[in-house]
Amino acid sequence: MKITDHIKNAKGKTLFSFELLPPVKGKSIQAIYNAIDPLMEFNPPFIDVTYHREDYIYKQHETGLLEKISYRKRPGTVAICAAIINKYKVDAVPHLICGGFTKEETENALIDLQFLGIDNVLVLRGDARHADSSFIPTPGGHAYATDLLEQVMHMNNGRYLHEDHDAFKTDFCVGVAGYPEKHFEAPNLKTDFKYLKKKVDMGAEFIVTQMFFDNSKYVEFVKKCRENGINVPIIPGLKPITSSKQLISLPKVFHIDLPEDLSEAVHACKSEAEVKEVGIEFMIQQCKELVKIGAPVLHFYTMSNPEPTKRIAQAVF
Ligand code: FAD
């Protein structure tokens, strides 16, 4: 079922959903089930699975020469989605990224998803490879989420890359990313909104936000979206602080601010166990407020560790 229909059917009740990373190569599908099982009691109507671009590793040969090898550490997004649908009978939402794919490969991936009965995709540009200082598009691929979105929309209209297939139109409900605190590359919030609006005008039907810890940022973002004619559901993305290192890593990696009361509470902790408690308690309060203001879904970035999310969901749902 489409995410927009799940939201409509909920009639204003806030839903629970979460996302997982594919396990690193060498781990079995059981790692995924272990991350999902503890969260099924909260009835997620859908579960997202992230996509990861290939990166480079350097292999040293006996001669001492280093060989640069292209390597995907976390393959399996599409297969994991199929396994989720099969085992849990809920919708699985694969993330679809520009990086690492030619347009042909994207077309074939979308055909696979359609054959598997997947109704929703989250369309993204994708992160840069770790070795690259900024995002470099794959030759023959897309540079922005808008370009990838255009390809999905064309397929929804039966327009494939090299021919039209009126009898085989895909019917994907497409979500896109939104940034309450601005995407780090956008010169200003206004320009970022311009492209977000473009994504929605092109056919995106819901937005999932970057994580945030200050609900007023989400409220302001939703308000600005509505003022700019962006009227699709805006799903808050959420992640509790679980370690003191995250006071530095989250702002650095995700370009977000942490509220002063949260950072001070973490600084005052005497152990990492205490930090985790503070992070979970903070997120419970944040989520209760989001439910009160009518967020359509609370979407958790579980990073495949279900325990903190389970504690929060127990307190909120
Ligand atoms: P875009 O919408 O393409 O925007 C990128 C930048 O370019 C922005 O600054 C925007 O203002 C600007 N821009 C947009 N369109 C245009 C245009 N047409 N012309 C010029 N400028 C433009 N990364 C992964 O690798 N895998 C994942 O699974 C993944 N999941 C994510 C899920 C969520 C909910 C979020 C919020 C992020 C996720 N990311 C993931 C990270 C994401 O790929 C990065 O944040 C990336 O830097 C931007 O992706 P985007 O889709 O927002 O890009």
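Lys and Arg are counted here as positive and Asp and Glu as negative, with His and the chain ends left out, and the place of a charge is taken as NZ of Lys, CZ of Arg, CG of Asp or CD of Glu. On this basis the protein chain carries 38 positive and 41 negative side chains, the centres of the two sets lying 1 Å apart. The model is predicted, so that local features need pLDDT of at least 70 and side-chain atom pairs count only at pLDDT 80 or more, whereas totals for chains, interfaces and linings use all residues. Residues are numbered from 1 along each chain as its sequence is written, and side-chain values use heavy atoms, without hydrogens and water.

Of the 317 residues of the protein chain, 49% count as buried, that is, under 20% relative accessible area with a 1.4 Å probe and protein chains only. Among contacts (heavy atoms within 4.5 Å) between residues at least 6 apart in sequence, 74% join residues at least 24 apart.

Ten aromatic pairs are found in the structure, a pair being rings of Phe, Tyr and Trp (its six-membered ring) with centres within 6.5 Å, stacked if the planes are under 30 degrees apart, edge-to-face if over 60 and tilted otherwise. One of them, the tilted pair of Phe-16 and Phe-300, has 5.7 Å centre to centre and 40 degrees between the planes. Since Phe-16 lies in strand β1 (residues 15–20) and Phe-300 in strand β10 (residues 297–301), the pair ties together parts that are 284 residues apart in sequence; strands are DSSP runs of E of at least two residues, numbered from the N terminus. Both Phe-16 and Phe-300 are buried.

Technical notes. Buried < 20%, exposed > 50% of the residue type's maximum accessible area, 1.4 Å probe, protein only. Helix = DSSP H or I, 4+ residues; strand = E, 2+ residues; numbered from the N terminus.
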